[in-house]
Amino acid sequence: MERIGLSTGWRIVCGAWMAGVIAAAFIGVGPAAGFREPEAARILFFHVPVAWLAVLGFLGATFHAVRYLRRRNPAADIRAVASAEMGFLFCVLATLSGALFARVQWGAAWNWDPRQTSIVALLLVYAAYFTLRSAVAEPERRAALSAVYAIVATLPMLFLVFILPRVVESLHPADTVRSGGMSPDYRVVFFAALGAFTLLYLWIYRLRVAVGELERVACRHSMK
Amino acid sequence: MAEAGAVFLKDLQQELRNRYALNAMALFAITTLVVVGFAVGSQALPASVVAALLWVVLLFTAVASLSRVFLREEETGTALALRLAVEPEHVYLGKLLFNVVLLGAMALVVAPLFLAVMQARVGNPGLLALVLLLGCIGLAAASTIVAAIIARAAARGALFGGLAFPLLLPVLIAATGGTTRALEGAPLGAAWAELRLLLSFGVVMITASLLLFEHVWNE
């Protein structure tokens with residue numbers, strides 16, 4: 001029997017690392033100045049990595065969609081869906097954690113800030129991708145059509161993630177990580193959190209790919 | 001290019017013969033105009049609201065018929081003949097051109113009518129025309145490839161709006177911003193960011209569609 005997801009060692013690493021990050025985020029570092037509620041600064045360790053990984057998921061969907069169209073390899077299609085689903089899941093998490101932070105920092109959970117608008121639009125784009133997949137019954141056609149849609153959707157995705165929030169005035173802080181706007185201890189915990197979430201992402205992603213491959217085998221058997 | 005022109009002319013002739021898209025568009029446009037006009041009444045609205053409403057009207061009108069270009073081929077069973085006769089790129093370009101012309105013609109009628117109904121003052125008509133043109137190209141570019149996709153799927157009618165709207169958001173956001181500037185009478189330079197965005201969206205979308213169309217068309 002093949003190992004599904006991560007090996008036992010990596011699972012333990014992932015769990016311990018995530019536990020360490022959570023402990024460090026709430027105990028290891030103090031509250032940060034410059035926030036309406038200094039304690040709320042800790043959301044950074046969860047909200048930002050999740051949002052970054054959501055973009056990684058969507059880019060992964062594009063990557064595997066291109067791969068599918070080149071080789072027509074069903075494995076690429078399974079990875080494209082898995083990536084899009086991971087992106088969607090992490091995007092939902094980013095939306096929710098963002099709304100939580102918005103309530104503390106800006107006084108309202110939802111106020112149509114450009115970042116909030118663009119993240120909802122992003123969810124819509126990929127919800128449309130899943131809808132398209134459910135509307136095509138034949139596996140090969142479904143894979144090809146949804147691959148084209150995923151590639152076409154990349155342009156609005158990049159616009160919503162990288163351009164819109166920078167063109168329109170936003171309350172959302174930008175480029176804090178790159179411009180060095182964090183104190184050194186926050187930096188350490190932040191990158192540790194990024195690592196932990198990446199590991200978690202890989203774990204769920206590989207489980208999802210395994211499920212997709214099992215489904216394909218089951219589908220082929222039922223056809224016989 | 002001659003082949004693309006031939007596909008365009010064929011669609012145009014077909015359209016002028018039964019006027020399905022034109023009739024549906026006109027009906028949609030007038031219905032939406034009446035609804036918006038009724039809801040607004042005789043209030044004077046700020047430029048940003050008028051701009052947003054204008055693009056909502058244009059979007060609804062566009063959705064009524066932009067998906068027809070490929071659906072018609074599937075319904076009449078002529079897709080196969082077209083596939084044999086013309087290279088995929090030319091089919092795409094012809095259909096895109098048809099949609100741009102259709103949408104442009106519609107905008108030419110709907111936008112002045114809408115602005116008259118809203119009693120809006122246009123500060124910079126040249127800029128407005130430019131934003132409308134680039135916006136229509138952007139709308140048509142994204143709609144054409146989505147139309148090609150849904151023509152090959154089930155539950156087509158309902159799918160088109162659902163698939164096209166999220167992709168069109170960047171166009172709508174930029175076009176609404178540009179239209180607001182135009183209504184306020186800002187000079188061309190003030191809407192530079194929006195114009196650049198609309199242009200680049202159109203160019204990238206058309207390029208991507210050209211590369212990808214074959215995979216949809218021959219699937």
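**Exercise 1.** In this predicted model, is A:Phe190 buried or exposed, going by its relative accessibility?

*Solution.* Start with the value: A:Phe190 has a relative accessibility of 0%. Next, recall the cut-off: buried means under 20%. So A:Phe190 counts as buried.

**Exercise 2.** Now take its ring partner, A:Trp52. What kind of pair do the rings of A:Trp52 and A:Phe190 make, and which parts of chain A does the pair tie together?

*Solution.* For the rings of A:Trp52 and A:Phe190, the centres are 5.5 Å apart and the planes are at 85°. Planes over 60 degrees apart count as edge-to-face, so that's what we call this pair. Then look at where the two residues sit: A:Trp52 is in helix H2 (residues 44-71) and A:Phe190 is in helix H6 (residues 184-223), so the pair links parts 138 residues apart in sequence. As for accessibility, A:Trp52 comes out at 40%, so it counts as partly exposed.

**Exercise 3.** Find A:Arg133. Where does it lie, is it buried or exposed, and which residues does it touch, leaving out those up to four places away in sequence?

*Solution.* First, find the helix: A:Arg133 belongs to H4 of chain A, residues 114-135. Second, check the accessibility: it's 12%, so A:Arg133 counts as buried. Third, list the contacts: with those sequence neighbours left out, A:Arg133 touches A:Asp77, A:Val81, A:Arg142 and A:Ser146.

**Exercise 4.** Over which ring does the charged end of B:Arg83 sit?

*Solution.* Go to chain B and you'll find that charged end over the ring of B:Trp217, 4.7 Å from the ring's centre.

Notes: Residues are numbered from 1 along each chain as its sequence is written. Chains are lettered from A and ligands numbered from 1 in the order in which they are written. This is a predicted model: local features need pLDDT of at least 70, side-chain atom pairs count only at pLDDT 80 or more; totals for chains, interfaces and linings use all residues. Side-chain values use heavy atoms; hydrogens and water are left out. Helices (H or I, at least four residues) and strands (E, at least two) are DSSP runs, numbered from the N terminus. Buried means under 20% relative accessible area, exposed over 50%, partly exposed in between (1.4 Å probe, protein chains only). Contact means heavy atoms within 4.5 Å. Rings of Phe, Tyr and Trp (its six-membered ring) pair if their centres lie within 6.5 Å; planes under 30 degrees apart count as stacked, over 60 as edge-to-face and the rest as tilted. A charge sits over a ring if NZ of Lys or CZ of Arg is within 6 Å of the ring centre and within 35 degrees of the ring normal.
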